[in-house]
Amino acid sequence: MEDLDVVAWIQVSDGRMLAVRSRGRDLLYLPGGKREPGEDDWSALSREVREELALELDRTSFRELGVIRAPAHDQPAYTHVRMACFTASYRGAIAATGEVDEYRYVGRRERHLLAPASQAALDLVDRHGLLA
């Protein structure tokens, strides 16, 4: 079975990582998602963040933070998620839009609220010294 290959936006504020809850999901995920045919990482991530949070990412600050692989949650067609994690500054005010019902910043103590791949991303953020 193939990995679910996705891109994710890492946004940290005051030592806490931004996470979102999509409609009908029990755990929090990172903003981002699957690429559409022909999309590169930048195009997919900037589109997903615009759709989910009504923000415009800044291309000049777009950087890869790392790639994680973790068990897939709520994805019966896949056993694992391969998630390329990127940082970028943004313009606009964060708003839950589209399929996103909620956004919140989480730290180590809220780890249990995150899907497995998002937990791995939190660990990646921590290894980079970005968590409080």
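The following dialogue explains how to read a predicted model, feature by feature.

Biologist: On what basis are the residues and features reported?

Modeller: Numbering starts from 1 along each chain as its sequence is written, and side-chain values use heavy atoms, with hydrogens and water left out. As this is a predicted model, local features need pLDDT of at least 70 and side-chain atom pairs count only at pLDDT 80 or more, whereas totals for chains, interfaces and linings use all residues.

Biologist: How much space lies in the largest pocket?

Modeller: Rolling a probe the size of a water molecule over the atoms shows where empty space is left. On a 1 Å grid over the protein atoms alone, a pocket is an open set of points where a 1.4 Å probe fits, with protein on both sides within 12 Å along at least five of seven lines; lining residues have an atom within 4 Å of a point. Grid points are joined across faces, edges and corners, and the volume is the space filled by probe spheres set on the points. Here the largest pocket holds about 430 Å³.

Biologist: Which residues and elements line the largest pocket?

Modeller: There are 26 lining residues, and Val-6, Arg-25, Tyr-29, Gly-32 and Gly-33 lie nearest the centre. Helices (H or I, at least four residues) and strands (E, at least two) are DSSP runs numbered from the N terminus. At least two lining residues come from each of strands E1 (4–9), E3 (16–22), E4 (32–34) and E7 (80–87) and helices H1 (41–53) and H2 (116–127). E1 gives the largest share, four residues.

Biologist: Is strand E1 mostly covered or exposed, and which strands does E1 pair with?

Modeller: Strands of a sheet pair through backbone hydrogen bonds, either parallel or antiparallel. Two strands are taken to pair if DSSP finds at least two bridges between them. E1 pairs with E7 in the parallel sense over six bridges, and Val-7 stands opposite Ala-84 in E7. With E4, E1 runs antiparallel and is joined by three bridges; there Ala-8 stands opposite Gly-32. E1 is mostly covered, five of its six residues being buried, where buried means under 20% relative accessible area, exposed over 50% and partly exposed in between (1.4 Å probe, protein chains only).

Biologist: What is the strand order of the open sheet that contains E3?

Modeller: Three strands form that sheet in the order E2-E3-E9, with antiparallel pairing. E2 (12–13) and E9 (100–106) stand at the edges with a single partner strand each, so one side of each is left without a neighbour in the sheet. Six bridges join E3 to E9, and Ala-19 stands opposite Arg-104 in E9.

Biologist: How many aromatic pairs are there, and how are they classified?

Modeller: Rings of Phe, Tyr and Trp (its six-membered ring) pair if their centres lie within 6.5 Å; planes under 30 degrees apart count as stacked, over 60 as edge-to-face and the rest as tilted. The count by this rule is three aromatic pairs. One of them, Trp-42 with Phe-62, is edge-to-face, at 5.1 Å centre to centre and 70° between the planes. Trp-42 lies in helix H1 and Phe-62 in the loop between E5 (56–57) and E6 (63–71), so the pair ties together parts that are 20 residues apart in sequence. Phe-62 and Phe-86 form a stacked pair, at 4.6 Å centre to centre and 15° between the planes. This pair links the loop between E5 and E6 to strand E7, 24 residues apart. Trp-42, Phe-62 and Phe-86 form one aromatic cluster. Both Trp-42 and Phe-62 are buried, and Phe-86 counts as buried at 4% relative accessibility.

Biologist: Which residues touch the most other members of the largest nonpolar core?

Modeller: In soluble globular proteins, nonpolar side chains tend to be buried together. A nonpolar core is a set of buried Ala, Val, Leu, Ile, Met, Phe, Trp, Tyr and Cys residues joined through side-chain atoms within 4.5 Å. The largest core has 23 residues, of which Ile-10, Met-17, Leu-30, Ile-68, Met-83, Cys-85 and Leu-114 touch the most other members. E1, E3, E6, E7 and H2 each supply at least two residues of this core, and H2 supplies the largest share, six residues.
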